[in-house]
Amino acid sequence: MSLRSRFFKSLSPAIVFAALTFPVTQVTTEEILLDKIVAVINDDIVMASELESRTSEIYAQLQKEGTEIPSREAIVPQVLERLILERIQLSKGHRVGIRFSDAEVNQSLERMARNQNMTLSELVEKAHESGTKLSSLRQRVRNEMIIGRVQEGSINRRITVTEQSIDNFLNSEEGRSWSSPDVNLGHILLPLSSGAPKDQVTQVQEKVLELYNKAKDGADFKSLAIAHSSGQNALSGGDLGWRKTTQLPTLFISALDDLSPGQISEPIRSNAGYHLLKLYDRRGGGNRIIKQHHVRHILLSPSEIRSDEETLEAINQLRTEIQEGKDFATVAKEHSEDLGSAMSGGGLGWSVPGQFVPQFEKTMKAVEIGQVSEPFKSQFGWHILQVTERRKQDFSRDIKRSQARQIIKQRKFQEELQVWLQEIREEAFVEIKS
């Protein structure tokens, strides 16, 4: 089957009809003019109406923030490139069956509202005021969740954190002073593969020096990022927000050492390309005391022979039995499907920050000592847990090593993500329509 045949076979009848008839249909309204294909990505498409809508959203956000707005000639290709990368990643997610329930999307929306100090109703009302329907908002959130899961699955396979690398980190000056300051950063990335030809390298070097000089001479850094950066945060002005310095790539840390707030780094070369950083502010430092939880859990996972609803019903029954006096450890040994902890009565030992998935961490911190939590869902299935003890602890050796592992992994993730995005973009069939 030809690419054209496979392409149209994958689309809905309405889109196929529009795509096939548009070239010979007389354009009579602006709405029809917008509804044309602007890019073909493998077996998917981007419509002009979607490109226009996303561009308008970016412009509205920039106006609200008071950021100097680049020309449409600069911003539209950036938005289209972002939509193309989204399509490629969503396609990967759909192929491997990544799905999120309505309840999980609702939870994500509630977190978004809390992060903006709003209620869910206020968030929905704000979206309506900006012209975004609730169904569109929910789909956008669902897509972001799928893309996040695709990135995690793809990048984590490329990352190895050895015990020696943890030792090296802990023995470094940086590792010995874990309580490092937070930094608020802006970021510009000009992509360049490690094996790029010399003329391309020269071209990118000239471009990054041009941007560096403009930024040093007072040009708005966010506007430069929007117009030129290929980083994941380009359309928000390259804003990386507040980050612990220990969570940044090593090259970034070295470049930030000599910067004061407001200053721009010299161009930084990595495997992903050339970077420019703007340090907006620094804060923090000092020792931290960690609250640890001694926790055990029971896990039941949906399967081909047990639906999600049946799994929830089953774990609710186990919770009832424990509340009526049955020993938690005994129930875990008999029924838990987490083979790593079942034989120890569901015991997971003392927690360390970042050890568990967010849903588990949230429930673990909220439940009273000795109580059995309500069932909650993660990507692994349905859980109930019990915290048997809590303590406040200075950094022990185990905590230090666990946090060092997370720091190294996060750095490698950010480095590998940009390289991986370039790879999947180069591998995809992409045709930009004029």
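I take helix axes as lines fitted to C-alpha atoms over the stretch in contact, with angles running from 0 to 180 degrees between N-to-C directions. The model I am reading is predicted.

Entry, α6 and α8. I looked up how helix α6 (residues 102-115) packs with helix α8 (residues 134-156): the angle is about 95°, and the axes are 10 Å apart. Angles of 65 to 115 degrees count as roughly perpendicular, and α6 and α8 are therefore roughly perpendicular to each other. From α6, I noted D102, E104, V105, N106, S108, L109 and M112, which meet L137, R138, V141, R142 and M145 in α8. I sorted this contact by class and recorded six nonpolar, two polar and four charged residues.

Entry, α4 and α5. I then turned to helix α4 (residues 48-65) and helix α5 (residues 72-95), whose axes come within 10 Å and cross at roughly 120°. That makes α4 oblique to α5. I recorded the crossing of α4 past α5 as right-handed. The residues of this contact divide into nine nonpolar, one polar and seven charged. Among those of α4 that take part are L51, I58 and L62, and the α5 side includes I75, V79 and L83.

Entry, the sheet. I traced an open sheet of four strands, ordered β4-β3-β6-β5, with antiparallel pairing. Its edge strands are β4 (239-244) and β5 (268-270), each pairing on one side only. On average, neighbouring strands are turned by 40° against each other, direction ignored. Helix α12 (residues 221-228) packs on this sheet, where I found it touching β3 (182-191) and β6; the direction of α12 makes about 35° with that of β3. Between β5 and β6 (residues 273-283) I noted three bridges in the antiparallel sense. R269 has Y274 in β6 as its bridge partner.

Methods. Residues numbered from 1 in each chain as written. Predicted model: local features only at pLDDT ≥ 70, side-chain atom pairs only at ≥ 80, totals over all residues. Heavy atoms only, no water. Helix = DSSP H or I, 4+ residues; strand = E, 2+ residues; numbered from the N terminus. Parallel < 35°, antiparallel > 145°, perpendicular 65-115°, else oblique. Left-handed = near helix turned anticlockwise from the far one by under 90°. Contact = heavy atoms within 4.5 Å. Nonpolar A, V, L, I, M, F, W, Y, C, P; charged D, E, K, R; others polar. Pairing = 2+ DSSP bridges.
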